[in-house]
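Here are some notes to read alongside the structure. Have it open as you go through them.

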Amino acid sequence: MNRPTIAFIGTGNMARAILEGMLASGYPASNIWATRRNADQLSDLADKGVHTGSDNSAAIVASDVVVLSVKPQMMRDTLATLGEALQAKKPMLISVAAGISVDALDRWSG
């Protein structure tokens with residue numbers, strides 16, 4: 001079965017819980033990207049075969065689905081830097097940030 005590649009932009013507690021659940025259920029680690037400002041904090045995921053780093057744009061370009069899991073107060077600034085990659089790839093976007101409307105995500109992502 002061909003599974004989509006999924007990028008987690010921001011890999012804090014919520015994203016890690018989802019990601020670890022995916023791995024535990026057999027989702028291929030090679031189909032997952034995880035980014036964080038401090039990529040050194042992702043070494044445990046890299047050891048499991050997850051693509052890790054701090055380059056959000058590279059993760060987006062490599063993925064079919066993007067899970068936006070940055071803090072709500074950081075979402076606008078984060079998306080402002082990712083508009084070009086999002087428009088080039090047009091992945092499915094999923095946000096786990098509370099209190100941000102789909103309209104706002106649409107505007108901020110270009």
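The points below go from the sheet to the cores and then to a few single residues.

1. Ground rules. This is a predicted model, where local features need pLDDT of at least 70 and side-chain atom pairs count only at pLDDT 80 or more, while totals for chains, interfaces and linings use all residues. Residues are numbered from 1 along each chain as its sequence is written, and side-chain values use heavy atoms, with hydrogens and water left out.

2. The sheet. Start with the open sheet of five strands, ordered β3-β2-β1-β4-β5 with parallel pairing. Strands here are DSSP runs of E, at least two residues, and helices are runs of H or I, at least four residues, numbered from the N terminus; two strands pair if DSSP finds at least two bridges between them. β3 (51–53) and β5 are at the edges with a single partner strand each, so one side of each has no neighbour in the sheet. On average, neighbouring strands of this sheet are turned by 15 degrees against each other, direction ignored.

3. From β4 to β5. The two strands pair in the parallel sense over four bridges, and Val-66 stands opposite Leu-93 in β5. The chain gets from β4 to β5 through α4, in a right-handed β-α-β crossover (with the strands pointing away from the viewer, the path from the first strand over the helix to the second runs clockwise).

4. Helix α1. Residues 13–24 form this helix, which lies across β1 and β2 (32–35) and runs at about 155 degrees to β1. Axes are lines fitted to C-alpha atoms, for helices over the stretch in contact, with angles from 0 to 180 degrees between N-to-C directions.

5. The cores. A nonpolar core is a set of buried Ala, Val, Leu, Ile, Met, Phe, Trp, Tyr and Cys residues joined through side-chain atoms within 4.5 Å. Which members of the largest one touch the most others? Of its 16 residues, they are Ile-9, Ile-60, Leu-68 and Met-75. Elements giving two or more residues to this core include β1 (6–9), α3 (56–61) and β4 (65–68), but α4 gives the most, with five residues. A second, separate core has 15 residues, among them Ala-15, Tyr-27, Ala-29 and Leu-45.

6. Ile-60. Contact means heavy atoms within 4.5 Å. Leaving aside neighbours within four places in sequence, the contacts of Ile-60 include Ile-9, Val-66, Leu-82 and Pro-91.

7. Thr-11. Look in the loop between β1 and α1 for this one. Is Thr-11 buried or exposed? At 2% relative accessibility, Thr-11 counts as buried (under 20% relative accessible area; exposed is over 50%, partly exposed in between, with a 1.4 Å probe and protein chains only). Its side chain reaches the backbone oxygen of Thr-35 at 2.7 Å.

8. Lys-90. This residue lies in the loop between α4 and β5 (92–95). Lys-90 is exposed, at 58% relative accessible area.

9. Ala-58. Helix α3 holds this residue, which is partly exposed at 34%. The C-alpha atoms of Ala-58 and Ala-85 are separated by 8.0 Å, with the two residues 27 apart along the chain.

Note on methods: Polar contact = N/O pair within 3.5 Å; in protein donor to acceptor, adjacent residues only side chain to side chain.
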